Amino acid sequence: MILPFVVLRRLDCILEPSKSVVLETAKTLPEEMDDAARDAILFGCVGNGVKVYNTSRFTFASLKGQDAKDVHKNLIDYITKFSPNARDIFLEKFLFTDQLKRLNDAGLLFQVFDKFTQIDLHPEAISNIEMGYLFEDLIRRFSEISNETAGEHYTPREVIRLRS
């Protein structure tokens, strides 16, 4: 549960400066446009070589201002409106919607989400190298807790390629 929230928060911080441009541009693109062209245009809006975008109206800041009972459905909206490369990681690799449902059913989702909104993972605060170390350390800690042996965990290459 922590790893997907860390990745989600980092992406939210990276995409924050370009959010309004991406949303405005996405509105002007024709529905029948092929995915590769749409991706190229929206990646360009984000800039800095970042190969991910999000077309949800939500951000961590706006979600935090929502009623706690709406956080689950609005986080699902946020996750499903990432570019396909990021969306697949959250839905297929992390199975994040299942984790969100469990947290929501236990009445813990807003509390966990609120804690992550307080963490500054902007690239100016945490470099990409530091972020990589953080991610690897979290994987190592969780693998130790679950008694995994060496080689049973790895960083999905899709996560690494999001910034490339």
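The side chains of Glu 24 and Lys 27 meet in a salt bridge, with 3.5 Å from N to O. By salt bridge I mean a side-chain nitrogen of Lys or Arg within 4 Å of a carboxyl oxygen of Asp or Glu. Please note that this is a predicted model, in which local features need pLDDT of at least 70 and side-chain atom pairs count only at pLDDT 80 or more, while totals for chains, interfaces and linings use all residues. Residues are numbered from 1 along each chain as its sequence is written, and side-chain values use heavy atoms, with hydrogens and water left out.

Where do Glu 24 and Lys 27 lie? They are three residues apart in helix α2 (residues 19-28), so about one helical turn separates them. Helices here are DSSP runs of H or I with at least four residues, strands are runs of E with at least two, and both are numbered from the N terminus. Glu 24 is partly exposed at 48% relative accessibility, and Lys 27 is exposed at 64%. Buried means under 20% relative accessible area, exposed over 50%, and partly exposed in between, with a 1.4 Å probe and protein chains only.

Let us turn to helix α1 (residues 2-15), which holds both Asp 12 and Arg 9, three residues apart. Their side chains form a salt bridge at 3.0 Å, N to O. Are these residues buried or exposed? Asp 12 is buried, with a relative accessible area of 5%, and Arg 9 is buried at 8%.

A further salt bridge joins Asp 77 to Lys 81 at 2.8 Å, N to O; Lys 81 is partly exposed, at 35% relative accessibility. Lys 69, Asp 70 and Lys 73 are linked in a network of salt bridges. The count comes to nine salt bridges.
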